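This report describes how parts of one protein chain pack together. The sequence and the structure come first, and the description follows.

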Amino acid sequence: MTSPLLHVSAVETFYGNIQALKGVNLEVNRGEIVSLIGANGAGKSTLMMTICGSPQARAGAIVFEGHNITRMPMHEIARLRIAQSPEGRRIFPGMTVIENLQMGASLDNLKFFKQDVEKVFAMFPRLKERQAQRGGTLSGGEQQMLSIGRALMARPKLLLLDEPSLGLAPLVVKGIFEAIKKLNEEEGLTVFLVEQNAFGALKLSDRGYVMVNGRVTMSGSGKDLLANPEVRAAYLEGGHHL
Ligand code: ATP
């Protein structure tokens with residue numbers, strides 16, 4: 001049996017005395033798109049950040065490609081080629097598109113820089129048109145493309161995306177989700193996606209997990225979760241984050 005690319009077991013994370021993660025178990029296999037859905041404040045972003053090493057888990061274990069990364073500093077985790085596009089995009093507003101992409105490329109990958117930039121531009125032609133423009137002047141959707149593009153410049157084995165659809169118009173969201181699917185299908189990129197847009201995320205994903213109040217309460221194939229009455233009632237019906 002092959003082991004998962006990412007294995008999260010019994011992870012607990014605190015902010016001071018506040019326990020945000022209460023024993024989280026999940027796994028992501030090579031080549032999968034896996035989504036984590038849940039309401040505001042459920043702990044989704046905290047899990048993403050805990051995988052990246054800040055904050056660190058107080059209990060439990062996170063294993064990536066056989067490396068125990070639970071207590072590793074962030075930069076060492078990044079060197080294992082886990083790349084993150086964080087919530088709120090966090091691009092460098094004063095830097096141009098190209099400079100932002102440069103920030104994403106690690107020193108080890110500089111020889112691939114031109115080729116990798118071309119790949120990002122092929123995926124997001126808008127970024128190519130705006131390559132000399134400062135990040136802060138881009139639209140929300142373009143900033144999201146830049147944030148994903150910057151993460152891809154690290155040549156990740158695992159791409160973590162925190163709320164890529166946040167604040168974007170439905171058509172822009174569709175474009176972003178299609179780009180993620182294409183990366184997965186054509187490059188075999190493994191993607192772990194945190195989303196409040198449960199419908200879009202589950203439709204895109206091989207598998208999904210539902211998080212409630214710091215715990216995973218449900219898991220299954222994207223298709224099964226989409227059809228699940230509890231999931232539908234809590235996250236899909238009544239216009240929740242569609
Ligand atoms: P959202 O979609 O709003 O980002 P989320 O599911 O990602 O929600 P988290 O942001 O991980 O949830 O928050 C989980 C819990 O931890 C919440 O109760 C939140 O208030 C708390 N929390 C998050 N960040 C901090 C912080 N820096 N200090 C204290 N508590 C925090």
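## Helix pairs and domains

V97, I98, L101 and Q102 in helix α3 meet F113, V117, V120 and F121 in helix α4, where contact means heavy atoms within 4.5 Å. By class, this contact has seven nonpolar residues, one polar and no charged; Ala, Val, Leu, Ile, Met, Phe, Trp, Tyr, Cys and Pro count as nonpolar, Asp, Glu, Lys and Arg as charged, and the others, Gly among them, as polar. The model is predicted: local features need pLDDT of at least 70 and side-chain atom pairs pLDDT 80 or more, while totals for chains, interfaces and linings use all residues. Residues are numbered from 1 along each chain as its sequence is written, and side-chain values use heavy atoms, with hydrogens and water left out.

Helices (H or I, at least four residues) and strands (E, at least two) are DSSP runs, numbered from the N terminus. The table gives the packing of two helix pairs, with axes fitted to C-alpha atoms, for helices over the stretch in contact, and angles from 0 to 180 degrees between N-to-C directions.

| Helix pair | Angle | Axis separation |
|---|---|---|
| α3 (residues 97–104) and α4 (residues 113–123) | about 120 degrees | 11 Å |
| α6 (residues 140–152) and α7 (residues 170–187) | about 15 degrees | 10 Å |

α3 and α4 are therefore oblique to each other, and α6 and α7 are therefore roughly parallel. Angles under 35 degrees count as roughly parallel, over 145 as roughly antiparallel, 65 to 115 as roughly perpendicular and the rest as oblique.

G141, Q144, M145, I148 and L152 of α6 make the contact with V172, I176 and L183 of α7. Six of these residues are nonpolar, two are polar and none is charged.

The domain assignment, which is automatic or from a database, gives domain 1 (1–80 + 157–242) and domain 2 (91–155). Their centres, taken over C-alpha atoms, are 23 Å apart. The contact takes 13 residues from domain 1 and 12 residues from domain 2. Between them the domains bury about 910 Å², 74% of it on carbon and sulfur atoms; buried area is the accessible area (1.4 Å probe) that two parts lose on being put together, summed over both. In domain 1, L159, I176 and L183 lose the most area to domain 2, together 36% of what that side buries.

Two backbone details remain. Most residues other than glycine have a negative phi, and most peptide bonds are trans. A10, which is not a glycine, has a positive phi of about 50 degrees and is in strand β1 (residues 6–15). The peptide bond from S54 to P55 is cis, with omega near 0 degrees, and P55 lies in the loop between α1 (44–52) and β4 (59–64).
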